[in-house]
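This briefing concerns a predicted model. Please examine the sequence and structure shown below before reading the notes that follow.

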Amino acid sequence: MKIEEAQQAIKEVLPEKRYLHSLGVADTAEKLAEKYGADSEKARLAGMLHDIAKYFSKDELEAIIRRRTDIPDDYLDYSDKLWHAPAGAAYVQERFGLNDREVLSAMTYHTTGRKNMTKLEKIIFLADYIEPGRDFPGVNEVRKTAGESLDEAVFQELQRTIIHLLEKRQSVYPETVEAYNDLVR
Ligand code: DGI
Ligand code: FE
Ligand code: FE
């Protein structure tokens, strides 16, 4: 799938604000890839597409997760905010024939993270959090860290996300905890 095709595809299904967020993630991911030695075209493509399923209905997302044997059913036991990530990867594979495993896994794990993340997975996970349109307490510190260490920035993001979830009395998907344990050292 070409980048122009991906941009057109998200423009058709995302509201303006989410579309601009996706362009921000694509740009940020491309820069992080150049800095940390990953494939910048794959980073740009995964960044562009990562939220493509964000506005699918809950029923539609659930149907994709149930139908796809490669997506763990346990997603359905946790927040529906997680579902668009693996469902989006399945969708671009089926709808656009995108079969690049690295791009698909970066999309799949962009929300939860996981242990032993690939460099591209880390880059998309982080770019989603620090793209220029994001504005929440602590984002500038993670932006600063992202200029120094990819692993430390991903760790800070996981730490902040988990704290935030605990404070709101929300569940934490096990892969997010595993990602944290993997990087805490
Ligand atoms: O889709 P975006 O808003 O750009 O970003 P995202 O895909 O990271 O957002 C997903 C939301 O899911 C975010 O507000 C945090 C929330 N969430 C709920 N449960 C979990 C979780 N995030 C993680 N990492 N792990 C969880 O278990
Ligand atoms: Fe997302
Ligand atoms: Fe996002």
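The side chains of His50 and Asp128 are joined by a polar contact of 3.1 Å; a polar contact is a pair of N or O atoms within 3.5 Å, where within protein one must be able to donate a hydrogen and the other to accept it, and residues adjacent in sequence count only if both atoms are side-chain atoms. The model is predicted, so local features need pLDDT of at least 70 and side-chain atom pairs count only at pLDDT 80 or more, while totals for chains, interfaces and linings use all residues. Residues are numbered from 1 along each chain as its sequence is written, chains are lettered from A and ligands numbered from 1 in the order in which they are written, and side-chain values use heavy atoms, with hydrogens and water left out.

- His50 is located in the loop between α3 and α4; helices (H or I, at least four residues) are DSSP runs, numbered from the N terminus.
- With a relative accessible area of 0%, His50 is buried (under 20% relative accessible area, with a 1.4 Å probe and protein chains only).
- The backbone oxygen of Gly47 is reached by the side chain of His50 at 2.7 Å.
- Leaving aside residues up to four places away in sequence, His50 touches His21, Ser22, Val25, His84, Met107, His110, Ile124 and Asp128, contact being heavy atoms within 4.5 Å.

- Distant parts of the chain are linked by Asp51, in the loop between α3 and α4, and Asp128, in helix α7 (residues 119–130), which are 77 residues apart.
- Asp51 and Asp128 are both buried.

**The iron ion (ligand 2)**

- Asp51 (OD), His84 (NE2) and His110 (NE2) coordinate the iron ion (ligand 2) at 2.1 to 2.2 Å.
- Along the chain, the donors of the iron ion (ligand 2) follow the spacing D-x32-H-x25-H.
- Asp51 coordinates both the iron ion (ligand 2) and the iron ion (ligand 3), which are 3.6 Å apart.
- Because Asp51 lies in the loop between α3 and α4 and His84 in helix α5, the pair ties together parts that are 33 residues apart in sequence.

**Helix α5**

- The 13 residues of helix α5 (residues 84–96) should span 18 Å at 1.5 Å a residue, and the end C-alpha atoms are 17 Å apart, which agrees; the expected span is 1.5 Å times one less than the number of residues.
- The buried residues of α5 are His84, Ala85, Pro86, Ala87, Gly88, Ala89, Ala90 and Val92.
- Their cover includes α3 (40–49), α4 (58–67) and α6 (101–108).
- Gly97 follows α5 and has a positive phi, near 65°.

**Ligand 1**

- Ligand 1 is surrounded by 19 residues, the closest being Arg18, Lys54, Thr111, Arg134 and Tyr173 (a residue counts if one of its heavy atoms lies within 4 Å).
- An N or O atom in the side chain of Arg18 is 2.9 Å from an oxygen atom of ligand 1.
- A backbone N or O atom of Tyr173 lies 2.6 Å from an oxygen atom of ligand 1.
- The protein buries 85% of the 570 Å² that ligand 1 exposes when taken alone, accessible areas coming from the Shrake-Rupley method with a 1.4 Å probe.

Technical notes: Helix = DSSP H or I, 4+ residues; strand = E, 2+ residues; numbered from the N terminus. Buried < 20%, exposed > 50% of the residue type's maximum accessible area, 1.4 Å probe, protein only. Donors = N, O, S within 2.8 Å, 3.2 Å for Na, K, Ca; no water.
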